Amino acid sequence: MDQVSYRPELGAETAPAEYVPTVVIGGGQAGLVIGYHLQQAGQRFVILEANQRIGDSWRKRWDSLRLFSPPKYASLPGWPIQTKTWPTRDEMADYLENYARHFDLPVRTGLRTERLARHGDGFLLHTSAGDVFADRVVVATGGYLDPYVPTFAAELDPAIRQLHSVQYRNPSQFAEGEVLIVGAGNSGAEIALDAVRSGHRTRLAGRHPGQVPIRIDSPQAKYVIPVIMFLFRRVLTLNTPMGRKARGPALEHGNPLVRTKVEDLDAAGVSRIPRIAGIQEGKPVTTEGQTLDPRTVVWCTGFRPDYRWIELPIVGADGHPVHDRGVSPEPGLFFMGLEFQFSVASATIQGLDQDARYLMRWLRNSPATPHTQAAQSDASNLDVVRIASTR
């Protein structure tokens, strides 16, 4: 089947803009889940993924990473992951790639969306491979795209090696000598264990975020984990008082320690210290005034939302998009995979199917209209071309 492409009024030098009724931006787990449901509903759509391979966002994480979820809760709808224990980084990456292949989802890899703007009743997407015109857009890039490092990091002695957690792969990146991990959440705790086990004196700075009270690989976990997952999906939601109360801390402070416990850090020899307050004479200083002398600093300080590429008034004062369970006030614009989009589980694999099913109610009830108001009102400014189907 062919489909029609339009070029809105962009100037004679601009190449024709391809028309696709629904565009999903992001080919990670969130994009694949909404893509699965769009396909099941018989919708025409395309998924645009900036990485060269599906799953590359996992492959770029540190080597020893394992998911916190057993296979049942690490699977996307319709096709379970083929592992018997907690998936590794590469197993999860390969599963996502095979999932898209299994369902023949229309994913275009190596294609970055650089700008999203309104055009008439639809949207114009400027991508690294040309322009795309759509009636509906689902942003499934995740909420945190911009690695955050404190501004005072620039004052560190240039001889001290600095990494953000997104750049960390394995202990070979550490310089000889002491390693300072800044940020005591799950990433910081796991990287700290990597560092100390590779022979480095290791300090872990930051507020203790609390921890899940059981071992996720213990016999009792198989009884407790389903209860926790139910609480995360069905109880701690925007529909309940306790869920609404939990949303703020979840957005600002992250999650409690899951696999790595405080006792594991202590037993391995990781020194836990207060937060880093600033830099003096090129060296980090704690809130208690202790001056440190690390050779490597790993900033496990998280990410900040970055929606500057969306040229629409969709961001609130806190930097997060304004939405109601992923439905934007901008007609035709939706979000998937946001932190606490509806529940604690929303940004995790086990929460995606619930959110996608809700969005599909809107996507089914707002049918694509190929000849949008812009196309109808100024047809003389449109260059109609025929292109092969994306499916």
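Which residues does Gln 29 touch, not counting residues up to four places away in sequence? The legends below start there.

View 1. Residues are numbered from 1 along each chain as its sequence is written, and side-chain values use heavy atoms, with hydrogens and water left out. Gln 29 touches Trp 58, Leu 76, Leu 96, Ile 349 and Leu 352; contact means heavy atoms within 4.5 Å. Helix α1, residues 29-40, holds Gln 29. Helices (H or I, at least four residues) and strands (E, at least two) are DSSP runs, numbered from the N terminus. With a relative accessible area of 17%, Gln 29 is buried, a word used for under 20% relative accessible area (1.4 Å probe, protein chains only).

**View 2. The largest nonpolar core.** A nonpolar core is a set of buried Ala, Val, Leu, Ile, Met, Phe, Trp, Tyr and Cys residues joined through side-chain atoms within 4.5 Å. The largest one has 57 residues, and Leu 32, Ile 34 and Met 336 touch the most other members. Among the elements that give two or more residues to this core are α1, α3 (89-102) and α8 (349-365). Helix α8 gives the largest share, seven residues. Look for Ile 34: leaving aside its neighbours within four places in sequence, Ile 34 is in contact with residues including Val 24, Val 138, Met 336 and Ala 356. A second, separate core of 21 residues includes Val 23, Phe 123, Leu 312 and Leu 338.

**View 3. An open sheet of five strands.** The strand order is β11-β17-β12-β13-β14, with parallel pairing; two strands pair if DSSP finds at least two bridges between them. At the edges stand β11 (161-164) and β14 (271-273), each with a single partner strand, so one side of each has no neighbour in the sheet. From one strand to the next, the twist averages 20°. Four bridges join β12 and β17 (residues 296-299) in the parallel sense, and Val 182 stands opposite Trp 299 in β17.

**View 4. The two ends of the chain.** pLDDT is the predictor's confidence in each residue, from 0 to 100. The protein has a mean pLDDT of 89, and 88% of its residues reach 70 or more. Over residues 1-14 pLDDT stays under 50, and over residues 370-391 pLDDT also stays under 50. Where pLDDT is low, the predicted coordinates should not be read in detail.

Conventions:
This is a predicted model: local features need pLDDT of at least 70, side-chain atom pairs count only at pLDDT 80 or more; totals for chains, interfaces and linings use all residues. Buried means under 20% relative accessible area, exposed over 50%, partly exposed in between (1.4 Å probe, protein chains only). Axes are lines fitted to C-alpha atoms, for helices over the stretch in contact, and angles run from 0 to 180 degrees between N-to-C directions.
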